[in-house]
Amino acid sequence: MTKDLMFQDEIRTVVRSTYGRLPSGAGRSMAARLYSEDQLGDLPDEAVDWSLGVGNPVAHAALGPGDHVVDLGCGGGIDSILAARAVGPTGRVTGVDTLAEMCERTRKAAEAAGVAEWCEAAHGEMEDLPLPDDSVDVVISNGVVNLSPRKSRALAEAARVLRPGGRLCISDFVVSDNLPPEVLTSGAAWAGCIAGALSEEVLAKKLANSGFTNVELGERIPFSIDDVAVYPLFDDEVIRLMKRVVPESEQRQIATCVIAKAEHPG
């Protein structure tokens, strides 16, 4: 049995409950690290406050006017809004999130940003997207695919909704294969994308198996234990756990955010 199929309901419950109880403003400090001042300058406060990603996929997605973009796990809406500004009113952005409250935050942030006419939020699972086949040009996500207990299914859904020639650009954590089991079974580490993270090799293989071509693993950002401690998703207990069970030589790079890009040939 693969990790994709283990304890699916338990993992979803942990992720939903963790994100559901986060305080407002939780993501502001990490947003300052991941996004440029120009990107953050005129974004609604709520979008920045709820920025809980691990990278900046819009900066690498080569979005253009008229593109229809799907943002998997839209959260507070920061990437959806940035994408909406890139595609303009002739395009469309659909944010999808499993939490209704996150969808509502994206809607309010899009309204405040002046892009609500072409930026929407839909309640749904990334493993069962509420979109028709061959309907979008680009799929983006930011620290979300690793939250899925069925990553192969999530990537297959991304491929399903993409038009022939469509593109995928995601940022997510990758890790080595030797994380201690205490970390792999930690709910907080799952919610923070580390316990559910894949190796680069496995991520590339899953993308290829889902029908994607020209798979490219690009920009890499190292994260130490102290870096991930900034995320409210990691409570003090799991940070202490990682510092105790992860060898000190590996604590300076407990995970790496990688930008993964691929194409769907149709």
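Predicted model: local features only at pLDDT ≥ 70, side-chain atom pairs only at ≥ 80, totals over all residues.
Among contacts in this chain (heavy atoms within 4.5 Å) between residues at least 6 apart in sequence, 79% join residues at least 24 apart. Residues are numbered from 1 along each chain as its sequence is written, and side-chain values use heavy atoms, with hydrogens and water left out.

Confidence next. The mean pLDDT, the predictor's confidence in each residue from 0 to 100, is 85 for the chain, and 81% of the residues reach 70 or more. Helix H1, residues 8-20, has the lowest confidence, at a mean of 53, while strand S1, residues 68-72, has the highest, at 98. Over residues 1-7 the pLDDT is below 50, and this stretch has 14 contacts in the model beyond near neighbours in sequence.

Now the overall content. The chain has 12 helices and seven strands; these are DSSP runs numbered from the N terminus, with helices being H or I of at least four residues and strands E of at least two. Of the 266 residues, 57% are buried, where buried means under 20% relative accessible area, exposed over 50%, and partly exposed in between, with a 1.4 Å probe and protein chains only.

Which residues have the most contacts inside the largest nonpolar core? They are Leu-63, Val-69, Val-115, Phe-173, Phe-223, Val-228 and Met-242, in a core of 47 residues. A nonpolar core here is a set of buried Ala, Val, Leu, Ile, Met, Phe, Trp, Tyr and Cys residues joined through side-chain atoms within 4.5 Å. Helix H5, residues 78-87, gives the most to this core, with six residues. Another core, of 25 residues, lies apart from it and includes Val-70, Val-145, Leu-203 and Leu-207.

Staying with H5: eight of its 10 residues are buried, so the helix is largely enclosed by the rest of the structure. Asp-79 and Ser-80 are among the buried ones, along with Ile-78 and Val-87. Val-115 touches Ile-81, Ala-84 and Arg-85, and also Ala-110, not counting residues up to four places away in sequence. After H5 comes Gly-88, with a positive phi near 70°.

On to the strands. Strand S7, residues 255-264, also has eight of 10 residues buried, so it too is largely enclosed by the rest of the structure. Strand S5, residues 162-174, runs antiparallel to S7 and is joined to it by nine bridges; Val-174 has Thr-256 as its bridge partner. Strand S6, residues 213-223, is antiparallel to S7 as well, with seven bridges, and there Phe-223 is partnered with Ala-255.

Two helices remain. In H10, residues 200-209, Leu-203, Lys-206 and Leu-207 are buried. Seen down the axis, the buried residues of H10 fall within an arc of 100° (taken over directions from the helix axis to the C-beta atoms), so they line one face of the helix. They pack against helix H7 (151-161), S5, S6 and S7, whereas Glu-201, Lys-205 and Asn-209 are exposed on the other side of H10. Just after H10, Gly-211 has a positive phi of about 100°.

In H12, residues 236-245, the buried residues are Val-238, Ile-239, Leu-241 and Met-242. Their arc is 160°, so they line one face of H12. The face turned away carries the exposed Asp-236, Glu-237, Arg-240 and Arg-244.

Notes: Pairing = 2+ DSSP bridges.
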